[in-house]
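Thanks for coming. I will go through one chain today, from its overall dimensions down to a few individual residues.

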Amino acid sequence: MYFRTICLTSALALTASAASADMTFNRIASFATPHNMADGEDRARVTSAEIIYATEDGNTLVYTDSPLGVIGRIDITDATSPKPLGNIDMGGEPTSVAIAGTTAFVGVNTSESYTDPSGKLVVLDALSGDVTGECDLGGQPDSVALARDGSFVVIAIENERDEDAGDGRVGQMPAGYVTILDVADGMAQCDSMVTADVTGLAEIAPEDPEPEFVDVNGLGEIVLTMQENNHIAVLSKSGEVLSHFSAGSVDLEGIDATDERAALVFDERQPGRLREPDSAQWIDDDHFAIANEGDMDGGSRGFTIFAKDGTLVYESGTDFETAVIQVGHYPDKRSDAKGAEPEGLEFASFDGTPYLFVMSERGSVVGVYDVTDPSAPVLKQMLPSGIAPEGIVAIPSRGLLATANEEDLVEDGGVRAHVMVYDYAEGAARYPTLTSKGADGPIGWGAISGMVAGDDGMIYAVNDSFYGFQPTIFTIDPSHTPARITRALRVTRAGAPAQKLDMEGITTDGQGGFWIASEGRTDRLVPHALYHVGSNGEIEDEIALPAELRAVEKRFGFEGVTMVNGTLWMAIQREWGDDPKDHVKLVSYTPETGEWGAVLYAKAAPEKGWTGLSEITAHGDYVYVVERDNQIGAEAVTKKIFRIPLAEMTPAALGGILPVVSKEEVRDLIPDLKAWGGYVVDKVEGLAITEDGTVYVSTDNDGVDDSSGETFFWSFKLDN
């Protein structure tokens, strides 16, 4: 082997510090929900992991799976290696779960229609799966919560609205309510049911409260959110309304509120934005937090802490969304709706420190806040999650945290729904690996594609066509932990953001500027081309493909560019019209002479999907390429770096017989990608090598669209 790592945990070299004694949360494992299907079941069906809870000993996780109509169970006795315990059919759509000991209380929606809602509370043993009882709830349940001492269970009966009826607005009958049942000997006492009437409280559709979420404090008091009504109530165990008040509104400044423009621009405002909270969590017996997801008219993109009498204690404003932006998880396609969309919350104390966990459903990330002072929460970490985190549970007794991530992209050939597990231990945070925190002004970023090492110690990277109205060259300072984006240079044509680019490769020109390789899409009028860009970002020259290449072009074109002795070399991702099977071109262009040429590269034959090249860079006596398949998670086979002797990079004329270069494997990147505890992501797309032989690798997060938003940026050292 020709390589040595900078440190033992090479994949984490830029993000971990063995000398740190800080206590942090880090992801240690993930579990794909199809693993809970029985042998012979159709695993191509859509599954989900939504609301999640743990048994008292912390060894078993239970989550609701609405598409399958089941609850799934996971053995996390060894938290680094979750094991399936199977699914239990609920006879309807499970909406929420809470557990006392090993007894699970599951809210199940059995409604035939919006106007005829029904549901039940199912009680079962979480270990054996045996159902021990059911209670008819008389309506459609949403959230379920247990008293701290296990003496009663409370269910928010939402009786949700039909968004296709009455302009999708409340009120729509029948009205929702809150149900409270005693628990004795591990069973909900159906005949003890108390129905709390919460109509007539809110200013917005008081006749139709649509209870959303409930939580119980140490005094047995219940906090209830009524999302569409933008209202909050605090109830007693007997169902008495102790206090109620509007959730209020927030004046948002410096946000991106425009969709469909393929750019991150944080200069807009939304005054008087209703909070419309989803989840709520008690922090202590006097204070609770709400996640302001929004639904009908609002969504203030953050979280708020109230005293139970309605006194406003803390408002995050745009701070949470700013943190999401800085770690590259901002979901641009949701800008006109609810932005990062905080939805789920959890509260727990670890080693005496009270933490509030705030989940961004659309950003697929979790903010960890120290709420020792509820009036001044302190953001400690941002944790990566699967796609669309819906539920979260803390297990302080074992130093664990788990998230349930509901999105399953099986129908699009994408990643499955997952449960993620984190531990709380000494050491540095391993995520994020790249951030724009500390830069002047908010720098939004994502879809990082090609990279190159500059002579100044910086790494330069480009975004791809996901941000087609904001083509950008990012300056990355890798000396920070995590690596830090310090500048965003817009690529312009005649002073305006350059259009019809899909920047997939970048290299320096030796004079302060850059060469950019753009992957074309002829069906979208995007040309395959090379662009010479000045130090100010302005395009100075555009180089179209020669006729020989245009005659055989396909969609998957340039993926990377590098300079060797005055000649540019570009990797073409997949076979074009005249290429032998499982061979792709490495194309050369010499700016001084205008000459084109190519060699052939033999790539791996795919076991599934396709394989191709996604980057090229020269260093020393070799040219290095990233070869990858388009598979995700357990299906991933090829995510590797190979090198080609520079002596073999002698181009032949296009249109004729091309020489086939040899290749040598440098590094399998799949173990590196697994080191972050999640599933193996698809797109390894960035590769840069510094003069001293430090290799930097990065992944493309697809602009947080059908993606977890995770970007991994890491390094290892070449061994001469």
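**Overall picture**

Of the 720 residues in the chain, 62% are buried. Please keep in mind that this is a predicted model. The chain contains three helices and 54 strands. Along the principal axes, the C-alpha trace spans about 85 × 50 × 50 Å. The radius of gyration is 27 Å, and for 720 residues a compact globule would be near 27 Å, so the two agree. On contacts, if we take those with a sequence separation of 6 or more, 54% are between residues 24 or more positions apart.

Next, one of the sheets. It is an open sheet of four strands, in the order β26-β27-β28-β29, with antiparallel pairing. The edges are β26, residues 342-350, and β29, residues 378-384. Each of these has a single partner strand, so one side of each has no neighbour in the sheet. From one strand to the next, the twist averages 20 degrees. Looking at one pairing in detail, β28, residues 365-370, runs antiparallel to β29, and six bridges join them. One of the residues involved is D370, whose bridge partner in β29 is V378.

Now the cysteines. How many disulfides does a search of the whole structure find? It finds one. The disulfide is between C135 and C190, with an S to S distance of 1.9 Å.

Are the two cysteines buried or exposed? C135 has a relative accessible area of 1%, and the cut-off for buried is under 20%, so C135 is buried. C190, at 32% relative accessibility, counts as partly exposed.

Last, a serine. Where does S708 lie? S708 is in the loop between β53, residues 694-699, and β54, residues 713-718. Despite the loop position, S708 is buried, at 2% relative accessible area. The side chain of S708 makes a polar contact of 3.3 Å with the side chain of E710. Leaving aside residues up to four places away in sequence, S708 touches H329, G363, S364, S385, G386, I387 and Y679.

That is the end of the list; I can take questions now.

Technical notes
Residues numbered from 1 in each chain as written. Predicted model: local features only at pLDDT ≥ 70, side-chain atom pairs only at ≥ 80, totals over all residues. Heavy atoms only, no water. Disulfide = S-S within 2.5 Å. Buried < 20%, exposed > 50% of the residue type's maximum accessible area, 1.4 Å probe, protein only. Helix = DSSP H or I, 4+ residues; strand = E, 2+ residues; numbered from the N terminus. Polar contact = N/O pair within 3.5 Å; in protein donor to acceptor, adjacent residues only side chain to side chain. Contact = heavy atoms within 4.5 Å. Pairing = 2+ DSSP bridges. Axes fitted to C-alpha atoms, helices over the stretch in contact; angles between N-to-C directions. Rg over C-alpha atoms; globule rule 2.2 N^0.38 Å.
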